[in-house]
Amino acid sequence: MKSNIYLTSTLITATLAAPAIAQDDKIVVGFATAESGFMQAYDKPAQDAAMIRIGEINAAGGLLGQQIEVVNADTKTDRAEGAKAGLSVIDQGADLVVVSCDYDFGAPAALTAESAGLVSFFLCAESIKAGIQGVGPHSFSASVLAAVQGATMAQWSYEKKGARSYYRLLDTWTEYNKGICDGFDWALPQLADATLVGEDTFKNEDASIAAQITRIKSLPEEPDAIMLCTMMPGAVSAIKQIRAAGINSMILNGSGVDGSYWLSAVPDLSNFYVPVQGSIYGDDPNPDVTAFNAAYKEATGGDPRPNTSTRVTS
Amino acid sequence: MSARASVARRTLATPLILSALLVAFALVAWFAGSKPFNQTVIDIFLRVILVVGLYIFVGNSGVISFGHTGFVCLGAYAAAWLTMPPMMKQTLLPGLPDWLTALQLPYWAGAVLAALWAALWAGLFGKILMRLSGIAASIATFAMLAMINTIYSNWEDVTGATSSVVGIPIVRTVWPYLIAAILAVFIAWAHAISRTGLALRAARDEPTAASASGIDLPRERLIAFVVSGAVMGMGGALFAHSIGVVTPDTFYLGLTFITLSMLVVGGMGSLSGAVVGVLVLSVLIQALRWLEAGVTIGASKFALPNGVQEIALGVVMILILARRPAGLMGNSELTWPRARPSNPEQSGNQD
């Protein structure tokens, strides 16, 4: 189970440098995030992490000598309430507005911040729209664009795992899925003698992908890697079916399958790779991540949760 | 002709009182000067428009419609098509015809056209649906909603499918919404006292006698359906401008049930009921949300647990309906408090 919460808190800190120019003796960060409704499960861990970092900064004397103050408003996982929550934190003096993880649910609050000339920050949206395209020049997201993940997986498997033949399996359900495969498509031609031996599509809700599996099985040789562009909940079933059919190719994914909560559904899964921004298993190469995990556990009593919100982003 | 004028004069009090109520809300928002509160009042006005739109058909015909949210969806997306900057339309909605992509109207013109667009579809759907009666008609309107939702959730090039459509100009002043809500109230009033409105209510109460008197029921229903579709379309367009984002799932079951329950709690057979239902429930929702967020009394802070709002709202609705099964207003309208003996002719608006 991995998490990008660490990055969220780091980036929030980094972005705070901009509004720090404000001429009062404190910097106000407004959280227009979900405190109730289904988005709460996604927003809360990232917000907890940000609060830990803000506490650390304040304890160390603040940012540029100014203490960070936090104001909240609940979006109730509702778009119209999201716009109100955005206005509410701005009214309370926010210099920076942090909005819900998902683009669809964070956008109304981000748009209010944008029209007030303030910086807005999605906790972990991975849609290309969560930024300049969908909000405006003052908007950012703490997570990595889906296409970057697809491109990274192609390059990493080529360089580190020696993969040469690839199969591309796209779940056409969301833009997030398409984004991963778009990045993969962009990266593959740049890798010398890497070939795409086949491609196929399915839908997240498909109960069976037997037809697609048959086509993979009928290839003259099993591909080195399958780029699986999908997300929950259909991902588990697809992975299970691929392995059950005896296909042992390396499976590459986007962060949509991050997390350990579903692993019991596919026992003994191996040769399976996911791009993430940090590890909670104590084996992260960055010592700061391990230190953060400990701080998070102390503050909240649990491991950092997987950032599953991005699966909703389309 | 003179009889018509006198009906109008006798019943004019109702829309005037309702408008005064709405103006009072707008003034409170204006004086409060708080941005989130302003947005809350805008939300209330939007709901007034939608519930009054729903009343025009449901109240007068007696047929419960589950499909009117579809017209809100049509109106909201029409507003997006008409008012977004052409650059954004090119990238987000590449399937729009060129003339529409190049067009960028002010929001009020967009809202008028959105209302006409919704009315057009109400006419097409209504032509078939209005031949049905009772529960069959209700379920048929629900089927219409499901169709509209499915099309808008999948037509990638034209509606952006399930993605949020952004770039719709945001209007944050309360006045356009107030004007639209008052307009909706007057449209509903004018329809109710018109020949067709009276005929429709007659048919609602006594279908057999009405048919025997020569009332063409499908035709009268169709007129109400189109008028209410137009009001819903206008509401949808303004909804889009109030938050600047539209997605198909906003205009589905959630909105359908909240608008229907506001109408039922207020009183299905009365225009005043439609407006009062929205105002009472909205004020209640807002008060509970404030309590959830926490109120400081003296030194201690008092806050309800999250989620109490939804539960309390349900309980209050049950209580209101248990005490007043016909809704807060029943079938009566708000009028000037005049000690006039009840006049049978007055049933022009009181039925």
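**Reading the sheet and the core**

Analyst: In chain A, five strands form an open sheet in the order β2-β1-β3-β4-β5, with parallel pairing. Strands (E, at least two residues) and helices (H or I, at least four) are DSSP runs numbered from the N terminus, and two strands pair if DSSP finds at least two bridges between them. The model is predicted: local features need pLDDT of at least 70, side-chain atom pairs count only at pLDDT 80 or more, and totals for chains, interfaces and linings use all residues. Residues are numbered from 1 along each chain as its sequence is written, while chains are lettered from A and ligands numbered from 1 in the order in which they are written.

User: How many bridges join β4(A) to β5(A)?

Analyst: In general, strands of a sheet pair through backbone hydrogen bonds, either parallel or antiparallel. Here, three bridges join β4 (residues 119-122) of chain A to β5(A), and the two run parallel. Phe121(A) stands opposite Phe140(A) in β5(A).

User: Which residues touch the most other members of the largest nonpolar core?

Analyst: A nonpolar core is a set of buried Ala, Val, Leu, Ile, Met, Phe, Trp, Tyr and Cys residues joined through C-beta atoms within 7 Å. Buried denotes 20 or more other C-beta atoms within 10 Å of a residue's own, with C-beta atoms placed from the backbone. In this core of 155 residues, they are Ile49(B) and Val52(B). A second, separate core of 34 residues includes Tyr158(A) and Phe202(A).

Technical notes: A residue is buried if 20 or more other C-beta atoms lie within 10 Å of its own, exposed if 12 or fewer, and partly exposed in between; C-beta atoms are placed from the backbone.
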